[in-house]
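Reader: Hi! Could you walk me through this one?

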Amino acid sequence: MSVRHALLALLSDGPKYGLQLRQEFEESTGQIWPLNVGQVYTTLQRLERDELIESDDRGEEAGPQNVFRITATGRKELDAWLSTPPDMTSPPRDELVIKVLAALRVPGVSVRDVIQVHRRYVVQLMQQWTRLKEDEAAFDLTFALVADAELLRLDSVVRWLDAADGRLQRAALDAPPAGTPGPLIRRRLVARR
Amino acid sequence: MTYLELHGVSKTYGNGAGEVHALADVDLAVDRGSLVAVMGPSGSGKSTLLTIAGSLEEPTSGDVVIDGRSLATMSRNDKARLRRRTVGYVFQEFNLLAGLTAAENVSLPLELDGVAPKKAHLAGMAVLDGLGLADRASHYPDELSGGERQRVAIARAIVGERSLLLADEPSGALDSMNGEAVMRMILAACHRGVAAMVVTHDAQLASWADKVVFIRDGRVVDHTVPPPAPESFLAELPAPRR
């Protein structure tokens, strides 16, 4: 979550006080990511330093009395950020994936049990998000969007665990005899290094 | 209060070398007013579990108890009556009768149970109305969207005094918003006191349940614990980065 760009987005429809920005930030993220005042003013100072925003009281430290507005450079930065997809090209170093891969190497550990521990944990997290969504009257559109994003992200983790579980089961059934060369894909990965 | 109980339920198909153990020594309980999801991959035995819980199939060993009554000691007629009056089933394929309107599909179980057609129709309409489907009552299944068809199937499953709802992948073929609508309906039935069990491979669907039971190779291997209050969960979420 880029607080910097979220603040620029909030300033795009008019000048605002710092406290107002903090309140609108929390509302616009469904109150999932609370911000402290210090965080807001530090970020505003940096934005002002980079000439992406300006305040009425130039030269003074950003504070409650200041009104902030976005500059033309800030607007350009915001537009560029909105239309630039985040870098998703390389797989993240996912600790869950690493744990399952590591479990494969540890004698006496059931990888399927390791998978189940994580599956249960993630499903429990999903239950909590769904409970928050349950009372439709109690949440607004922004909260529903945040909750959906989190549920889909967690769902993809469960799907990977299910796929890993199925793949391990199949691999156990089709285990090659000892001394068989490694799979082609691994040799290719090694060759590319 | 527990409404549905499975005690040591096992199911074996075939015999000798071709013997397949679909379920092995399954214990499970569903309270009145609660939703339990049974989650597992294809072939894990979850659909067999559902059909045995709903008395559509006999276990090889073990017992199913519904509202304090053991199915093992029940006559065939009593079991048929239980299926007609107490248990509602929802399947992925909706299973609505194509030649009947939505209202006729919903009231059919009551008519089959001997309720007068007019009274059955009124009861069916009341359920459809409660689910926001009154304006679709005179439509035939092929005139309804997938989401509407599944909602009619749920209306049929809860019409009358049914107190046990059993659903097999009820949102399987639907998009996420229709799937959510279906789960909200099942949950609303639970809030009215219905005990519900949903079997699924889908974590999003299972996450609507009060408790998720994990099944693997015909055995219950794990279950979730009741989550903390939503407020404390929200309070512990990490702060954003700058």
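**Strands, cores and contacts**

Author: Happy to! Strand E1 (residues 2–13) of chain B pairs with strand E4 (residues 61–66) of chain B in the antiparallel sense, over 5 bridges. Helices (H or I, at least four residues) and strands (E, at least two) are DSSP runs, numbered from the N terminus, and two strands pair if DSSP finds at least two bridges between them. This is a predicted model, where local features need pLDDT of at least 70, side-chain atom pairs count only at pLDDT 80 or more, and totals for chains, interfaces and linings use all residues. Residues are numbered from 1 along each chain as its sequence is written, while chains are lettered from A and ligands numbered from 1 in the order in which they are written.

Reader: Where does Glu169(B) lie?

Author: In the loop between strand E7 (164–168) and helix H6 (176–191) of chain B. Most residues other than glycine have a negative phi.

Reader: Is Glu169(B) buried or exposed?

Author: Glu169(B) counts as buried because it has 20 C-beta neighbours inside 10 Å. A residue is buried if 20 or more other C-beta atoms lie within 10 Å of its own, exposed if 12 or fewer, and partly exposed in between, with C-beta atoms placed from the backbone.

Reader: New topic: which residues touch the most other members of the largest nonpolar core?

Author: Of its 82 residues, those are Ala155(B), Leu165(B), Ile186(B), Ala196(B), Met197(B) and Val198(B). A nonpolar core is a set of buried Ala, Val, Leu, Ile, Met, Phe, Trp, Tyr and Cys residues joined through C-beta atoms within 7 Å. Apart from it lies another core, of 17 residues, including Leu7(A) and Leu44(A).

Reader: Last one: how many residues of chain B are in contact with chain A?

Author: 19 residues of chain B are in contact with 25 residues of chain A, where contact means that C-beta atoms, placed from the backbone, lie within 7 Å. On the side of chain B that touches chain A, the largest share, 3 residues, comes from H7(B).

Key. Two residues are in contact if their C-beta atoms, placed from the backbone, lie within 7 Å.
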